[in-house]
Every structure is written in C-alpha cells, then in structure tokens.
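Here is a short briefing on one protein chain. Keep the sequence and the model side by side as you read.

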Amino acid sequence: MTTLDNNLKDIKVLAFDVGGTVVDWHTGISKQLAAFGGQKGIEADWVALTKAWRRHSLESAVNKPRKELPGGNIDGVHRETLNKVLSEAGIEGFSAAERDEMTLFWHHLDAWPDAASSHARLKKKFMMATLTILSVSLI
C-alpha cells in the first residue's frame with residue numbers, strides 16, 4: 001500500500017462544490033450571453049463579462065447570511081450583479097425583463113462530460129455530498 005493509499009484509507013465521505021466541479025459555468029454562461037447579445041446586435045467581450053459576473057456574484061454572496069442576499073438566494077445575487085457588470089462594461093440595451101431572463105442562464109448549464117461517470121464511480125466507494133451556494137433548483 002502506498003503512502004497516498006494509506007492516507008486516504010479512512011475517508012468515507014467526499015464533499016464537493018457543484019459550480020465549476022460538476023457544471024461548466026464559464027462556457028455555459030459566456031455562450032448564452034454571446035448568443036443573447038447577438039440577437040440584440042450587442043457586441044461585447046462576453047468571456048470577460050462572464051468572469052466579472054461570477055466574481056461579483058461570489059463577492060456578494062460568500063460569508064453573508066441568507067437574509068442579507070438580494071432575493072434571499074444566489075438568483076437574486078446574480079440578478080443584482082448582472083446590472084453591475086453590464087454597467088461597468090458600458091453595455092446598454094437589455095430591458096429589465098431581458099436581464100431577468102439572462103439571470104436564468106445559470107439554470108441552464110451543462111455538466112462536465114465526465115461528471116456523471118466520475119460521480120457514479122466515486123459513489124461506489126464513498127458517500128457523496130454537495131456543497132453549493134447555488135439555488136437548490138440548479139443541483
């Protein structure tokens with residue numbers, strides 16, 4: 001038995017974050033933003049905007065009690081921070097209803113190609129748990 005095997009032999013439970021570990025939020029959000037912006041004739045650096053949106057969302061949500069989050073969950077945070085990143089990028093032309101729709105892009109993310117098979121394989125040996133700030137409807 002190797003030292004690594006020895007160190008891991010007593011592990012019974014694996015806990016992991018959903019966003020980024022299971023779902024590819026970066027590709028999903030940037031592609032959805034680019035397509036939506038393209039429909040409106042709005043050009044932008046959607047990759048940079050995606051990164052800024054995620055960064056601002058995490059800064060707004062992490063270490064705050066739920067009652068302090070806009071809307072009480074990450075959906076409210078995503079909606080509020082979308083306004084901020086669009087403004088910082090100088091992007092105009094999206095109505096409030098369209099921004100609401102854009103916020104739901106977080107509900108339509110693909111899992112990494114190997115996520116399901118990896119989870120199934122790990123589940124044979126370990127109890128699995130998820131940790132996330134995402135809305136329950138996303139997991």
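A nonpolar core is a set of buried Ala, Val, Leu, Ile, Met, Phe, Trp, Tyr and Cys residues joined through side-chain atoms within 4.5 Å. The largest such core here has 19 residues, and L33 and F94 touch the most other members. The model is predicted.

**Whole chain**
- The chain holds 6 helices and 2 strands.
- Their order along the sequence is α-β-α-α-α-α-α-β.
- Of the 139 residues, 37% count as buried.
- Take the contacts between residues at least 6 apart in sequence: 70% of these join residues at least 24 apart.

- In soluble globular proteins, nonpolar side chains tend to be buried together.
- L33 and F94 have the most contacts with other members of the 19-residue core.
- Helix 2, helix 3 and helix 4 each supply at least two residues of this core.
- Which residues does F94 contact, leaving aside its neighbours within four places in sequence? They are F36, G37, K40, I42, W46, L86, R99 and M102.

**Helix 2 with helix 3**
- Two packed helices are described by the angle between their axes and the distance between the axes.
- Helix 2 spans residues 25-39 and helix 3 spans residues 46-61.
- Their axes lie 9 Å apart, at an angle of about 125°.
- That angle makes helix 2 oblique to helix 3.
- The crossing is right-handed.
- Helix 2 brings W25, H26, I29, S30, L33, A34 and G37 to the contact.
- Helix 3 meets them with W46, V47, L49, T50, K51, W53 and R54.
- By class, this contact has 8 nonpolar, 4 polar and 2 charged residues.

**Helix 4 with helix 5**
- Helix 4 covers residues 74-88, and helix 5 covers residues 96-103.
- The two axes come within 9 Å and cross at roughly 120°.
- Helix 4 is therefore oblique to helix 5.
- Helix 4 and helix 5 cross in a right-handed sense.
- On the helix 4 side, the contact residues are D75, H78, R79, L82, N83 and L86.
- On the helix 5 side, they are A96, R99, D100, M102 and T103.
- The residues of this contact divide into 4 nonpolar, 3 polar and 4 charged.

**H78**
- H78 sits in helix 4.
- Is H78 buried or exposed? H78 counts as buried because its relative accessibility is 1%.
- Not counting residues up to four places away in sequence, H78 touches W53, S57, T103 and W106.

**A89**
- Where is A89? A89 is in the loop between helix 4 and helix 5.
- A89 has 47% relative accessibility, so A89 counts as partly exposed.
- A89 and L49 are 40 residues apart along the chain, and their C-alpha atoms are separated by 7.5 Å.

**A129**
- A129 belongs to strand 2, residues 127-131.
- A129 counts as partly exposed because its relative accessibility is 29%.
- A129 and A15 are 114 residues apart along the chain, yet their C-alpha atoms are separated by 4.6 Å.
- A129 touches L14, A15 and F16, not counting residues up to four places away in sequence.

Definitions and conventions:
Residues are numbered from 1 along each chain as its sequence is written. This is a predicted model: local features need pLDDT of at least 70, side-chain atom pairs count only at pLDDT 80 or more; totals for chains, interfaces and linings use all residues. Side-chain values use heavy atoms; hydrogens and water are left out. Axes are lines fitted to C-alpha atoms, for helices over the stretch in contact, and angles run from 0 to 180 degrees between N-to-C directions. Helices (H or I, at least four residues) and strands (E, at least two) are DSSP runs, numbered from the N terminus. Angles under 35 degrees count as roughly parallel, over 145 as roughly antiparallel, 65 to 115 as roughly perpendicular and the rest as oblique. A crossing is left-handed if the near helix is turned anticlockwise from the far one by less than a right angle, and right-handed if clockwise. Contact means heavy atoms within 4.5 Å. Ala, Val, Leu, Ile, Met, Phe, Trp, Tyr, Cys and Pro count as nonpolar, Asp, Glu, Lys and Arg as charged, and the others, Gly among them, as polar. Buried means under 20% relative accessible area, exposed over 50%, partly exposed in between (1.4 Å probe, protein chains only).
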